[in-house]
Amino acid sequence: MTITGLRPGFIPAVELAAQAAAFGRTTGEYMLDLLEVARARAYSPISGFRVGAVVLGASGSLSLGANIEFPGLPLNASVHAEQAALATAWHGGETALAALGVTAAPCGHCRQFLSELSGAADLPVVVAGHRRTTLGGLLPDAFGPADLGLQGGLLTPQHHALALARPSDDPLALAALEAAEAAYAPYSATYAGVAVVADGIVYQGRYAESAAFNPSLSPLQAALVAVAVSLEPFTRIERAVLVETEGPASQRSATEALLAAVAPKASLAYVRAIEGSTP
Ligand SMILES: [Zn+2]
């Protein structure tokens, strides 16, 4: 079982600069070139509509994302491309974004999800074939974390001191715990993380809440973003672990339903975490 150090779809700054130079492109040009690479990762068996998104991180990295749809589940289980690209950047270690590029105009759901970022209004947004704008231009008078009295936002590093309620040396449970420790759950304070293994590779997913609640991204959705960006079929997932603290916003039933829909043969373990471990 391998826990890769690098998030699938996450291109570190040095590598991005080298790739752009090799093609004789500026970073900004290359970012838009990669939109089609991102779109090729889309999984949209319901709509047939493929969306690609890329985000440039403040560190100079680039992250890919694409839309993912899940037959057999309600439409609101879908992951949008902008959510996927942001999840890639977050799991890759980015703490701020410099720009977002997307192949189609961001929908209202995504504008709201992106409003969870600190300084969201100033985020430059480039929609392929359109003039550059900002998130604030696309969503004036936005409702975000500051309206609920929060400082910071989705990419602000989180370090919850968690421990498994019953100690385990299962690498998948420990990977899920690591994801839960970095989860962004300021509204419910219910920290959750998932780890899945497919073909020997472990993919982690952190739970990300939205001030508007509905656009929140579940930890399994976040893990499936990495699986999809890797072009690994969901049916190759053999096992999953959900680690969660006790609180009012459990991921348990939604995770069971989503995993059963994408990987019917995969097993899921639910593991309780407790707060207050000493680092
Ligand atoms: Zn959207």
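Predicted model: local features only at pLDDT ≥ 70, side-chain atom pairs only at ≥ 80, totals over all residues.
Q: Which residues coordinate the zinc ion?
A: H80 through ND1, plus C107 and C110 through their SG atoms, at 2.2 to 2.3 Å.

Q: And what spacing do the donors follow along the chain?
A: The donors of the zinc ion follow H-x26-C-x2-C.

Q: Is C110 buried or exposed?
A: C110 is buried, because its relative accessible area is 0% and the cut-off is under 20%. C107 is partly exposed, with a relative accessible area of 31%.

Q: Switching to rings: how many aromatic pairs does the structure hold?
A: It holds 4 aromatic pairs. Take Y43 and F234: their centres are 5.6 Å apart and their planes sit at 85°, so that pair is edge-to-face.

Q: Where in the chain do Y43 and F234 lie?
A: Y43 is in the loop between α3 (35–39) and β3 (52–57), while F234 is in the loop between α8 (219–229) and β11 (237–245).

Q: What about accessibility for F234, buried or exposed?
A: F234 counts as buried at 11% relative accessibility, whereas Y43 is partly exposed at 37%.

Q: Which residues do ring pairs link into a cluster?
A: Y43, F70 and F234.

Q: How are the rings of Y187 and F213 arranged?
A: That aromatic pair is tilted, with 6.3 Å centre to centre and 40° between the planes. F213 counts as exposed, at 55% relative accessibility.

Q: Last one: what lies over the face of W90?
A: R206, at 5.0 Å from the ring centre.

Notes:
Residues numbered from 1 in each chain as written. Heavy atoms only, no water. Donors = N, O, S within 2.8 Å, 3.2 Å for Na, K, Ca; no water. Buried < 20%, exposed > 50% of the residue type's maximum accessible area, 1.4 Å probe, protein only. Phe/Tyr/Trp six-rings, centres within 6.5 Å; stacked < 30°, edge-to-face > 60°. Helix = DSSP H or I, 4+ residues; strand = E, 2+ residues; numbered from the N terminus. Lys NZ or Arg CZ within 6 Å of the ring centre and 35° of its normal.
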